[in-house]
Amino acid sequence: MSLFNSLITSTLPILPKWFAKPFARPYVAGKTEDDAVHHIRSLNHKGFSATVDILGEHVMTKEKALDITTQYCHLYDRIAHESLACNISIKPTHIGLDISLAEAMANFTTLVYKAKEYGNFLRIDMENSPFTDQTFEIYQHCKTIYNNVGVVIQSYLHRSLDDINHLAICQFNSRICKGIYKESESIAFQDREEINDNYLNLAKTMATRGAYSGFATHDQDLIDQLLGWIESENISKDLFEFQVLYGVPMEGRLEALLEAGYKVRVYVPYGPDWFDYSVRRLKENPKIISYVLKNFFRSK
Ligand SMILES: Cc1cc2nc3c(=O)[nH]c(=O)nc-3n(C[C@H](O)[C@H](O)[C@H](O)COP(=O)(O)OP(=O)(O)OC[C@H]3O[C@@H](n4cnc5c(N)ncnc54)[C@H](O)[C@@H]3O)c2cc1C
């Protein structure tokens with residue numbers, strides 16, 4: 001980790017929020033549901049679909065986990081009533097997985113019935129490796145209630161190809177991302193090239209198995225490689241979409257993808273916990289500091 005990144009990471013929690021806000025703001029769609037809906041509507045008008053996430057994780061009380069679950073239920077209502085092209089992404093520890101598997105299962109059960117009521121989709125985000133097995137267990141439980149549920153596969157994990165081979169039955173739908181948490185080299189690739197090679201391998205395996213992929217990446221070279229493969233193999237547009245995080249500059253790439261007829265979904269995070277969440281993320285992966293600074297100055 002560079003000295004600069006480590007300095008920012010250690011001082012950020014004690015710096016005033018007004019100082020950190022300009023760095024976090026481009027990547028967070030506001031504090032309230034109304035803020036998020038406003039941004040989702042505007043993305044929809046431009047041709048993008050969205051997935052919405054309430055910022056937060058590692059909730060440690062049942063009351064808070066239930067409160068977040070209720071907020072997600074309300075989001076499903078709002079999406080339906082306003083006819084938004086938007087589904088929902090949820091971090092399992094935000095609705096109870098750090099309390100117990102049973103707690104998370106109960107809250108996901110409520111949400112999957114809500115998704116079913118509206119014919120919407122539920123994405124279960126993937127957190128760090130202590131939660132991987134239990135997250136797949138929750139996914140498999142949700143699938144017994146409703147088919148329109150998906151999970152996330154991280155290409156830095158050695159296990160991911162096996163996970164696809166195990167899970168890719170019955171209309172499997174997975175976002176593929178590189179993985180954002182710090183994981184040890186005993187379980188995860190550390191080298192960028194290996195992570196990207198595995199990403200492509202996972203994407204190809206998903207297509208071979210007829211599974212639907214959300215290609216979640218801002219890496220322009222990787223997008224080029226995915227497009228090269230998609231075009232040369234004539235992969236059906238019904239089998240994938242591209243996904244990006246709200247606010248990350250893509251230099252016209254997303255509009256070009258839309259114009260070429262590809263589906264692009266933007267991940268829209270919002271919520272009052274933006275500061276604590278951002279600090280935790282930065283502490284976990286200080287590399288993000290360099291991204292944020294690079295994007296911040298590029299957009300000036
Ligand atoms: C839609 C979506 C959902 C995701 N869901 C999960 C999940 O459930 N679990 C999980 O572990 N990870 C998730 N991630 C994060 C992902 O695993 C990567 O850590 C992150 O996307 C960076 O990898 P990259 O593929 O964009 O490539 P990189 O090579 O790491 O980044 C390429 C470029 O993108 C820009 N960039 C990337 N990330 C950021 C950022 N956070 N802020 C500002 N600029 C950035 C930078 O300019 C960078 O140079 C998700 C990512 C996306 C896009």
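This is a predicted model: local features need pLDDT of at least 70, side-chain atom pairs count only at pLDDT 80 or more; totals for chains, interfaces and linings use all residues.
**Close-up views of the ligand site and a helix pair**

View 1. A polar backbone atom of G179 is 2.6 Å from an oxygen atom of the ligand, and an N or O atom in the side chain of H218 is 2.8 Å from an oxygen atom of the ligand. On its own the ligand has 920 Å² of accessible area (Shrake-Rupley method, 1.4 Å probe), of which the protein covers 91%.

**View 2. The shell of residues around the ligand.** The shell has 24 residues (each with a heavy atom within 4 Å of the ligand), among which G179, R192, T217, H218 and Y291 come nearest. By class, 12 are nonpolar, 6 polar and 6 charged, with Gly counted as polar and Tyr as nonpolar. At least two shell residues come from each of β4 (149-154), β5 (173-177), β7 (240-245) and α12 (287-298), helices being DSSP runs of H or I with at least four residues and strands runs of E with at least two.

**View 3. Packing of helices α8 and α9.** Helix α8 (residues 192-208) packs against helix α9 (residues 220-232) at an angle of about 30 degrees, with the axes 11 Å apart. α8 is therefore roughly parallel to α9 (angles under 35 degrees).

**Notes.** Residues are numbered from 1 along each chain as its sequence is written, and side-chain values use heavy atoms, leaving out hydrogens and water. Local features need pLDDT of at least 70 and side-chain atom pairs count only at pLDDT 80 or more, whereas totals for chains, interfaces and linings use all residues.

Terms used:
A polar contact is a pair of N or O atoms within 3.5 Å; within protein, one must be able to donate a hydrogen and the other to accept it, and residues adjacent in sequence count only if both atoms are side-chain atoms. Axes are lines fitted to C-alpha atoms, for helices over the stretch in contact, and angles run from 0 to 180 degrees between N-to-C directions. Angles under 35 degrees count as roughly parallel, over 145 as roughly antiparallel, 65 to 115 as roughly perpendicular and the rest as oblique.
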